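This report is meant for a reader who is meeting the structure for the first time. It begins with the chain as a whole and then turns to its charged pairs and its surface.

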Amino acid sequence: MAGAIIENMSTKKLVIVGVTLLLFQAFAFMVGGLIAPSPTTAVHYLATKCVDTVKHRQETKWFMPWGPNQCDKIRTFDEAMAKKIEANNIVFAVHIPLPNKEMSPWFQFMLVILQFDIAFKMYNQIVDGAMVTIDVGLAYRDDTVSEWTEMAHSFEQRKLTCNFTTTKTFENEGRYYECDLLPFMEVGSVAHKYYLLNIRLPVNERKKVNVGIGEIKDIRLVGIHQNGGFTQVWFAMKTFLTPSILIIMIWYWRRITLMSRPPVLLEKVILALGISMTFINIPVEWFSIGFNWTWMLLFGDIRQGIFYSMLLSFWIIFCGEHLMERHFFAGWALDRGLVKMSESCVSAIKIFPELDLHPTNNSQDQTERNRFSVYWKQVGPIVFGSFCLFIFDMCERGVQLTNPFYSIWASDVGTELAMAFIIVAGICACLYFLFLCFMVFQVFRNISGKRTSLPAMSKARRLHYEGLIFRFKFLMLVTLACAAMTVIFFIISQVNEGHWHWGDHTVQVNSAFFTGIYGMWNLYVFAIMFLYAPSHKRYGDEQSSGDAGGNSGEDIQLTTTITHVDGPSEIYKMTGKEAQE
């Protein structure tokens, strides 16, 4: 009988493959933990207060906080009042990066967070629901002598969420509010060396613009970008893994097409999983080093969404196709879409009458096995959820392609909508994981139920199929471990931004998890395509002639694919399909 490689490969070879994959997995974690730096770097900036002495300026003037052409500066607003400088003539200037440094395309993206330093005054307090109106412009240049080129300009509003922790009395005047950080800007590429932000807070008492926002003393920015060293390690991993997955995928599908029957559902889904993994692996980010592609962040989100949607759907179908019936020797086979009764059922009944076996009418069950529509109730919500997340991403990063200062978190409605998406996504992820655990439990129960038929076999056959049962259980546990590691990775990446010290070495935890989880998915997809490829080895060929005489009654197949190159084997598949609901 011919089956999948996971069934027919010797235990020794299978252990070698498993240990090799485990070593690659450990290497993926070590690359991120010991070689790559932290994924991102945060740089703090304090805005310089510049004075615009020209009223109703026609052309755009850019104010530099330092350098040979630096602006006229003031230190405090008290100084501005003494010099009778109006608030509308004050420009907050921030140069990115700091002096004597340059930005690089290797930084990939630039995220800027805004924070106001607001002092408490009894007669100028922050009102409830205060909104700050910001007139902001962004410019760039690639040397220190060229003129600044405008990149974006916008009028934005941000809601102040501040808390004064002490009593509001005259004695506490001058103390600062504790204000939340505000999303300010996100750029999808860092194609230029120098960036300049000019921020104005226009005041119009008649229109209630920037009124009731307290006494703003300073503006602080936090610039976050990806580390160049981490980007290089990340690109190197993508460049190495892309041909690896592509080669195994071509090899897998070539073996499928060599068979005389059409591919079954599980084989098609495994191919789709390999295609989605290849799609996310292709290192198109290399082009972002030479081209100003601001849409790379959005494109990366789309690629990840496609892969994770395919992965979640694959797990559902993978477990569903392994929900096997309890009868070991009564089954049906698919021959080019025609369902025929296995002649081996009669042999099994004659050879093992004590098992009380009888042919069962499973034609409808086996026909449904290879229909994708059977899983619409499980796969449908995954596709719908992925589409909703795509719309959510387009509402923010899609708009940021033309206005980098836009943020869906800037308004109450946008914040509530974003929080609702995050909460619902978290609940759905937990429910999905529980449902996956339930399906794996069902698979375990059905596989274990077949042990009742093992004592009737010869010793060699019994040991063979006990090994198969162990292999499938182990593969299911690896699947659950991959899902659990993804959840742990997400939690740690959100909570922990630090690193561990291990002797003289510094282990970058976040980098290790980024590269480790990415390597884990590639190794998992590689293993699935390898183990479920049709095997050219026939298990019965290795048995003695005496043992081979009983093959007709004892051969079974635990995989859900018919993998004989010459068509259906004499011993048909012994797997059924349980209800999915």
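Accessible areas come from the Shrake-Rupley method with a 1.4 Å probe. In this predicted model, the protein chain exposes about 28,600 Å², of which carbon and sulfur atoms supply 62%. Of its 581 residues, 49% count as buried, and the secondary structure comes to 14 helices and 18 strands. Among contacts between residues at least 6 apart in sequence, 81% join residues at least 24 apart.

The count of salt bridges comes to 11, and the table gives some of them.

| Salt bridge | N to O distance |
|---|---|
| Arg200 and Asp52 | 3.0 Å |
| Arg158 and Glu156 | 3.5 Å |
| Glu285 and Lys238 | 3.8 Å |

Arg200 lies in strand 12 (residues 194-200) and Asp52 in the loop between strand 3 (48-51) and strand 4 (73-74), so this pair ties together parts that are 148 residues apart in sequence. Arg200 counts as partly exposed, at 23% relative accessibility, whereas Asp52 is buried, with a relative accessible area of 4%. Glu285, in the loop between helix 5 (265-281) and helix 6 (296-320), and Lys238, in helix 4 (residues 228-257), are 47 residues apart and link distant parts of the chain; both Glu285 and Lys238 are buried. Arg158 and Glu156 are both buried as well.

Terms used:
Residues numbered from 1 in each chain as written. Predicted model: local features only at pLDDT ≥ 70, side-chain atom pairs only at ≥ 80, totals over all residues. Heavy atoms only, no water. Helix = DSSP H or I, 4+ residues; strand = E, 2+ residues; numbered from the N terminus. Buried < 20%, exposed > 50% of the residue type's maximum accessible area, 1.4 Å probe, protein only. Contact = heavy atoms within 4.5 Å. Salt bridge = Lys/Arg side-chain N within 4 Å of Asp/Glu carboxyl O.
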